[in-house]
Amino acid sequence: MRYSDRLAVYTQIEKERASSVLTYVTSDRIGMQTAINTDVIEPFVDLLDLIGPVKRISLILHTNGGQTLAAWRLINLLRMFCDELEVLIPSKALSAGTLMSIGADKIVMTKQAVLGPIDPSINNPLNPQVNVGGQASQVSVSVESVRGYLNLTREELGIVDTQHLTRILLDLSDYIHPVVLGDIFRSTEQIRFLARKLLPRQVKDETSMKSIVDFLCADTGSHDYTIDRREASELGLQVEKPSADLYQLLKEIHTSYNTELQLQNPFSPMEFFGGGKAPSQEYVIPRGLIEGTTGGSYSYVSEGTMTLTQIREEGNPIPQNLLNDNRTFEGWRKTT
C-alpha cells in the first residue's frame with residue numbers, strides 16, 4: 001500500500017472523526033532511524049496552508065521521539081490551524097512524541113499503542129559515536145541515564161568528597177563531551193517547563209499536572225518504560241479508545257507505513273550486494289512520512305551510492321570488506 005492507497009483510508013478516518021487527517025511517521029528501523037526534527041516544519045506548513053483553519057485535526061503519529069523543541073514547535077503549529085487537536089497512535093509515540101501527545105486535546109490509543117517518558121535524550125554533533133554496519137552512528141545521551149550514574153556514585157556508593165566526585169565527573173567527560181553534559185542539565189528544567197505549558201489542554205488540576213510531569217520526567221526510572229492506554233488514562237490524560245472501525249483503519253495505516261519503511265527489517269549495507277551484483281550500488285531509502293488528504297505526501301529519504309571494496313591483507317586468506325557510503329542527499333522531499 002502506497003500513498004494513493006492510504007489516501008482512501010485517510011478519507012474514511014476523516015469521516016469517522018469529522019476532522020482533517022495528517023500523518024507523521026519517523027522511522028525506527030534499526031540502522032535507519034529518523035527523529036523528530038525542525039526540518040519537518042516546512043512540509044507541515046505546506047500541508048496546513050492547503051487545509052486552512054479547520055475545526056479539528058487528527059494527527060496520526062508514529063515515532064521514537066527526537067528534538068524536544070522541534071516537538072514543541074510542531075504541536076503549537078498544528079494548534080494554530082484548528083480548534084481541536086487529537087493525536088491518533090496506532091503503535092507508539094515515545095519521548096518527544098509523548099510530549100506532542102500531551103499537547104493535544106485528546107489522545108486516541110489502540111490497545112497496543114504506547115507512550116513513554118519525556119526525559120530528553122540529547123542529540124548533539126558532539127555526541128559519542130559507535131560503528132554500526134561499517135557506518136559511524138551517533139549515540140543519543142539520556143538525561144536520566146547520566147543523572148542515574150551520578151546518583152549511583154553519591155547515593156549507592158556513598159562517594160561524597162569533592163575530590164572523588166570531581167574525578168568521576170572528569171572521567172565522564174572523557175566519554176561525553178562537556179558541551180553535551182551542559183545540554184543535559186539545561187534540558188531537565190526545560191522539559192518540565194514545556195510539559196506544564198502543554199498539559200492544561202488535558203489536565204486542569206495543578207496537583208494532577210505536577211504528578212504527571214514528575215512521572216513522565218523521572219519517576220518511571222527508565223527511558224524505555226512504556227505507558228499503555230489504561231495507565232495513560234489513570235495518570236489523568238484525556239485518552240480515548242477507538243471504535244472497532246477506527247481501530248481497523250489505524251491498523252491498515254500502520255501496516256502500510258511499516259511495510260513501506262521496512263520498520264521490521266534491520267538495515268545492513270551488505271544487502272545491496274551478493275548474487276553477482278556490481279560492487280557499486282545506487283540507493284534511495286525512505287525513512288519518514290508526512291502526509292495529508294490535501295497536499296499529498298512527503299518522504300524523508302537518504303540517497304547515495306554504496307561501494308564495496310575487498311581488501312586482502314598479507315597472511316590472511318579471507319578478504320576484508322570495506323564499505324563506502326557516498327550519501328548525496330538526505331532530507332524531506334515531496335513525492336506525491
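Start with β1 (20-26) and β12 (280-292), which pair in the antiparallel sense over five bridges. Helices (H or I, at least four residues) and strands (E, at least two) are DSSP runs here, numbered from the N terminus, and two strands pair if DSSP finds at least two bridges between them. Along this pair, leucine 22 stands opposite glycine 292 in β12, while tyrosine 24 has isoleucine 290 as its bridge partner. In general, strands of a sheet pair through backbone hydrogen bonds, either parallel or antiparallel.

A word on what you're looking at: this is a predicted model, where local features need pLDDT of at least 70 and side-chain atom pairs count only at pLDDT 80 or more, while totals for chains, interfaces and linings use all residues. Residues are numbered from 1 along each chain as its sequence is written, and side-chain values use heavy atoms, with hydrogens and water left out.

Now follow β12 on to β13 (residues 297-311): eleven bridges join the two, and they run antiparallel. Leucine 289 sits opposite serine 299 in β13. The two strands make a hairpin with four residues between them, and glycine 295 in the turn has a positive phi of about 110 degrees.

Zoom out and you'll see that these strands belong to an open sheet of eight, in the order β11-β5-β3-β2-β1-β12-β13-β14, with mixed pairing. Its edge strands are β11 and β14 (320-334), each of which pairs on one side only. Helix α1 packs on this sheet, touching β1, β2 (54-62), β3, β5, β11, β12 and β13, and its direction makes about 15 degrees with that of β12. Helix α10 packs on the sheet too, touching β1, β2, β3, β5 and β12, at about 50 degrees to the direction of β2. Axes are lines fitted to C-alpha atoms, for helices over the stretch in contact, and angles run from 0 to 180 degrees between N-to-C directions; contact means heavy atoms within 4.5 Å.

Head over to the β11 end of that order. Strand β5 (residues 106-109) points Lys106 and Val108 one way and Ile107 and Met109 the other, and all are buried. Buried means under 20% relative accessible area, exposed over 50%, and partly exposed in between (1.4 Å probe, protein chains only). On one side, four bridges join β5 to β3 (residues 82-89) in parallel, with leucine 88 opposite valine 108. β5 also pairs in the parallel sense with β11 (residues 239-240), over two bridges; there, isoleucine 107 partners valine 239.

What about the inside? As a rule, in soluble globular proteins, nonpolar side chains tend to be buried together. A nonpolar core here is a set of buried Ala, Val, Leu, Ile, Met, Phe, Trp, Tyr and Cys residues joined through side-chain atoms within 4.5 Å. The largest one has 55 residues, and those with the most contacts inside it are Leu22, Tyr24, Phe44, Leu74, Leu78, Leu99 and Leu115. Apart from that core lies another, of 17 residues, among them Leu246, Leu250, Ile253 and Leu289.

Take leucine 74 as a way in: leaving aside neighbours within four places in sequence, it contacts Tyr24, Val40, Ile41, Phe44 and Met100. Leu74 is also among the residues where two helices meet: Ile41, Phe44, Val45 and Leu48 in α2 meet Arg73, Leu74, Leu77 and Leu78 in α3. The axes of α2 (residues 41-51) and α3 (residues 68-80) come within 11 Å and cross at roughly 5 degrees. That makes α2 roughly parallel to α3 (angles under 35 degrees count as such).

Finally, compare a couple of spots. Isoleucine 212 lies in helix α8 (residues 206-219) and is buried, with a relative accessible area of 0%. Leaving out residues up to four places away in sequence, isoleucine 212 touches Leu199, Val203, Leu235, Gly236 and Leu237. Alanine 18, in the loop between α1 (3-17) and β1, has a positive phi of about 50 degrees although it is not a glycine, and at 59% relative accessibility alanine 18 counts as exposed.

Methods
Angles under 35 degrees count as roughly parallel, over 145 as roughly antiparallel, 65 to 115 as roughly perpendicular and the rest as oblique.
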